[in-house]
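Visitor: Before we discuss the assignments, please show me the sequence and the structure.

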Amino acid sequence: MNWQNRLITIYLYVCKHYQQNFWAYSQRMSHYADLSFSDEEVITLFLFGVMDKHREIKGIYEYADRH
């Protein structure tokens with residue numbers, strides 16, 4: 001499976017579970033949150049980075065920034 005298909009699969013999985021019951025536990029509560037990304041997209045990027053063996057937030061951010 002290529003990275004595009006993996007990313008889409010993760011996103012659909014996260015959306016399904018986020019809308020069912022996970023939203024109550026993970027909403028951003030900050031007044032100055034950047035809402036150009038949805039919570040589902042942020043969770044997907046994090047999980048995708050971890051699956052590609054990036055263990056630190058900085059590494060995940062740099063990896064996502066390249067895409």
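Visitor: Leaving aside neighbours within four places in sequence, which residues is Glu 40 in contact with?

Guide: This is a predicted model. In it, Glu 40 is in contact with Tyr 11, Val 14, Cys 15, Tyr 18 and Gln 19, once neighbours within four places in sequence are set aside. Glu 40 itself has its place in helix α2.

Visitor: Why does Glu 40 count as buried?

Guide: The relative accessibility of Glu 40 is 13%. Buried means under 20% relative accessible area, and Glu 40 therefore counts as buried.

Visitor: What makes Phe 46 partly exposed?

Guide: Phe 46 is found in helix α2, which covers residues 39-51. Its relative accessible area is 38%. Buried requires a value under 20% and exposed a value over 50%, with partly exposed in between; Phe 46 is therefore partly exposed.

Visitor: Which residues does Phe 46 touch, not counting those up to four places away in sequence?

Guide: Phe 46 touches Ile 57 and Ile 60 on that basis. Contact means heavy atoms within 4.5 Å. As for Ala 64, its C-alpha atom is separated from that of Phe 46 by 8.8 Å, and the two residues are 18 apart along the chain.

Visitor: How many helices and strands does the protein have?

Guide: The protein has 3 helices and 0 strands, and its pattern along the sequence reads α-α-α.

Visitor: What share of the residues of the protein count as buried?

Guide: Of its 67 residues, 18% count as buried. The protein exposes about 5600 Å², with 60% of that supplied by carbon and sulfur atoms.

Methods:
Residues are numbered from 1 along each chain as its sequence is written. This is a predicted model: local features need pLDDT of at least 70, side-chain atom pairs count only at pLDDT 80 or more; totals for chains, interfaces and linings use all residues. Side-chain values use heavy atoms; hydrogens and water are left out. Helices (H or I, at least four residues) and strands (E, at least two) are DSSP runs, numbered from the N terminus. Buried means under 20% relative accessible area, exposed over 50%, partly exposed in between (1.4 Å probe, protein chains only). Accessible areas come from the Shrake-Rupley method with a 1.4 Å probe; for residues, only the protein chains shown count as cover.
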